Amino acid sequence: MLYSKLFGKTKKNSKQYDSINATLLIKGGFIDQVMAGTYTYLTLGLRVINKIEQIIREEMDTIGQEILMPALTPIVNWQHTGRFETVDVLMKTTPANIFAKAKNDTEYVLSPTHEEVVTPLAQKFILSYKDFPFALYQIQNKFRNEPRVKSGLLRGREFRMKDLYSFHTSEEDFKKYYEKSKEVYMQVFNRLGIGKDTVITLASGGSFTDDYSHEFQTICETGEDTIFYDKKTNTYYNKEVAPNQAPEIKYQDEKILPKKDVLGKGIIGVEELAKFLKIPVEKTTKTLIYETDKKEVVVAAVRGGYDINENKLRKVVGCKALKLTSPEIVKKVTGAEIGYAGLLNLPKNIKVFIDESVGNRHNFETGANKTHYHSINVNFGRDLPKPKKFYDIKVAKEGDSNPKTKEKYQVYRASEVGNIFPLYTKFTEAFNYHFVDQDGKEKPIYMGCYGIGSSRIMGIIIEKHHDNHGIIWPESVAPFQVHLIGLDMKDKNISSKVHQVYQVLKEKNIEVLFDDREEVSAGEKFADADLIGISVRLVVSIRTKEKVEYKRRGENKTSLMELKEVISNVKSQISNLHRKT
Ligand code: ATP
Ligand code: MG
C-alpha cells in the first residue's frame, strides 16, 4: 500500500490521551475516537485487529466452529434467564423519535455476551447424545454500558470480543474441555506476543457456584485489575477472590487499658477517626450491617484500612445476595445512627461475622453503638466475648499473606485479556434445554463460556510493546510486514528503483507499506515508521546504491542487504508465525 494514498495518516500534533495505547493508536493513524469508548478502526488499525482475530480464529477452530450471531437480540430471551433485570451493563435500544416509534415500537437488547442467543440456538439443532460435545464461537462487537470507559481500547462501550460456548453431556466431559481450552488460550496469547506476561488467575465463578472461573491476566502497569501471586503454590488470585490474612500487629509492651467511650460527633471514616483519636488506623474497626436476600440482618467487621469483600461475606453467610441495610435497620440493631456501629452489646439474635484482622489486637477501637460515640481500648475477653471463629471476609491488599500457605503475596497490576467460565446448567436449565441419552431419557446439559477481548488485546500489546518513539508491534500482528521508505524520491532513478523494490516485494506476497511521499523529509519518514511500529524497515536512497537498508523496529542496528536476502529474511520470519500443529 502506498502511504501517500493511505486514509488516516500519522497526526503530528495529536494530544496525549489517558493511556499509551490511545495516544499512539490515534497519533499513528490506526483508530479515531468517535466518542468516549467507541472508535473507528482506520485502515492500519483494521489490519491489526483482523490479524489478532485471525490468530484467535485459527486456534479456536481447533476446539469449536465459527458462527455469527446478531448483536441486536430479543428482550424476551433476557427475561427468560432473569438477566434483563440484573446485568448491570445491559443496554437496550428504543425507537429514537415519534416516526420511528410509529413504525416499530419494539425494544431490543444490544448484547454484552451471547448465552441468551446461543443456548436457544443450540436447542434448535442438537438434542441427541450422539452430537455432543460441541462448541460454537463468534468474533463480534459487544455492547456494555460501562460506567467509566477509559484507557483507549482497554475499556470501551462497544468493543470486539471472541466468545465461545461449549455444550456437554456430563460435568466430567465439560471439565476436560475446560482444561484443554486453557492450553489453546495460552497458545493464542503466545502468538500475539503477550504470552510470557499472561498468567492464569483464579477469579469469581459468579453467584451461582463456589467454583472459580479463570482469567487470563496480562501483567501490565496500566491494567485495571490487581492480582495476588502465591509463590509457594504458584497460584495467581484476582484481588476479588484472594484468600488473605492481614499482617499481625505487634506493639511493644502493650498494657491493657480501661475501655473508654469518646465523643466524636460526625467523625465517621476510619482515617478521620484514627486521626481524631490519635491511634493508628489498624486499631480502628469497620463494622457494617447487611441484609441478605432472605431479609436476614447480619453484622460484618474488618480491621480499619480494609474493606469488606461482599463476595466472601456472602459465602460465609451462605446467602445468594446481600446489600448494606437501611439507616432505620442500623438504628434498630445498634441503637445508634449510621456511622457509630460497633461490636459492643449487639442483640444476641444477630449473626456477627468478624474478620481475622480484627482479632490479634489489644486496646482497639470500635463504634460504641451510641450516636456520636466511639469506644477505645476495647479488648476481647473483657469487653466482648472472643468469637468462636474468625472469618476471612476482607478485600486483600498488599502486605497480606495466603492464610493456608502463610506465603506473603506478590502483588501485580494486570489487565484481563480473556476469561473462561463454568456455567454448568445455569443457562440450559433456564431454556429447558436437555439432551436425550442412549436410554431415551432427558438429561441436563453442561455449558462453559470462553471470552477473549480482541480489541482490548490490541491496546494491551501496545502497553507492553512500545518505546519513546512509538509502537513496536510483534510481527504476528503488525499492520504490514515491511515498511519501505523511499528517500531522495525526486531523483527519477531512485524513485524508479524504490518502486521496483516495492513491486518485487509485493510479487513475493510480502505486505508492504511504502512511504512514497516526495515532499516529506527523511527525518519525518523515519519518525513515522517508528511511530507506526512495523517490524522491518527498509530504506532505499542515493546512499544505499544497489542494496537496501534493513532495520528492525526496536533495534538500532542497520545493515545493507541485497534485496534477495531481505526477502528470504522476511519470508522466514513470516513462516515462523504460522500456527504450530
Ligand atoms: P472486566 O472485568 O474487565 O470488566 P469482564 O469480566 O466483564 O471484564 P468478560 O465478560 O469475561 O469480561 O468478557 C471477555 C473479555 O472481553 C474480557 O476478558 C476482556 O478482555 C474483554 N472485555 C470485557 N469488557 C470490555 C470492555 N468494556 N472493553 C474492552 N474489552 C472488554
Ligand atoms: Mg471477566
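Helices (H or I, at least four residues) and strands (E, at least two) are DSSP runs, and their numbering starts from the N terminus. The model is predicted, so local features need pLDDT of at least 70 and side-chain atom pairs count only at pLDDT 80 or more, whereas totals for chains, interfaces and linings use all residues. Residues are numbered from 1 along each chain as its sequence is written, chains are lettered from A and ligands numbered from 1 in the order in which they are written, and side-chain values use heavy atoms, with hydrogens and water left out.

Buried means under 20% relative accessible area, exposed means over 50%, and partly exposed lies in between (1.4 Å probe, protein chains only). The buried residues of α1 are N21, A22, T23, L24, L25 and I26. They are covered by elements including β1 (31–35), β2 (38–41), α12 (454–464) and α14 (522–532); contact here means heavy atoms within 4.5 Å. Just after α1, G29 adopts a positive phi of about 80°.

**Strand β7 and its partners.** Strand β7 (residues 134–143) is largely enclosed by the rest of the structure, because 9 of its 10 residues are buried. Strands pair if DSSP finds at least two bridges between them. Strand β3 (residues 65–66) runs parallel to β7 and is joined to it by 2 bridges; Q65 has L136 of β7 as its bridge partner. Strand β8 (residues 158–168) runs antiparallel to β7, with 10 bridges between them. Within this pairing, Q140 stands opposite M161 in β8. In a regular strand the side chains alternate between the two faces of the sheet.

**Residue F189 in helix α7.** F189 belongs to helix α7, which spans residues 171–191. This residue is buried, with a relative accessible area of 0%. Leaving aside residues up to four places away in sequence, F189 touches I194, G195, T198, F216, V417, G418, I452 and I457.

**The open sheet of β13, β19 and β18.** Three strands form an open sheet in the order β13-β19-β18, with antiparallel pairing. Strands β13 (260–263) and β18 (364–367) stand at the edges, each with a single partner strand, so one side of each has no neighbour in the sheet. From one strand to the next, the twist averages 30°. Strand β19 (residues 373–378) and β18 are joined by 3 bridges, and H374 in β19 is the bridge partner of G367. Helix α8 (residues 270–277) lies across β13, β18 and β19 and runs at about 105° to β13. Axes are lines fitted to C-alpha atoms, for helices over the stretch in contact, and angles run from 0 to 180 degrees between N-to-C directions.

An N or O atom in the side chain of E146 is 2.7 Å from a nitrogen atom of ligand 1. A polar side-chain atom of R155 lies 2.8 Å from an oxygen atom of the ligand. The side chain of E416 has an N or O atom 2.6 Å from an oxygen atom of ligand 1. E416 is partly exposed, with a relative accessible area of 22%.

Notes
A polar contact is a pair of N or O atoms within 3.5 Å; within protein, one must be able to donate a hydrogen and the other to accept it, and residues adjacent in sequence count only if both atoms are side-chain atoms.
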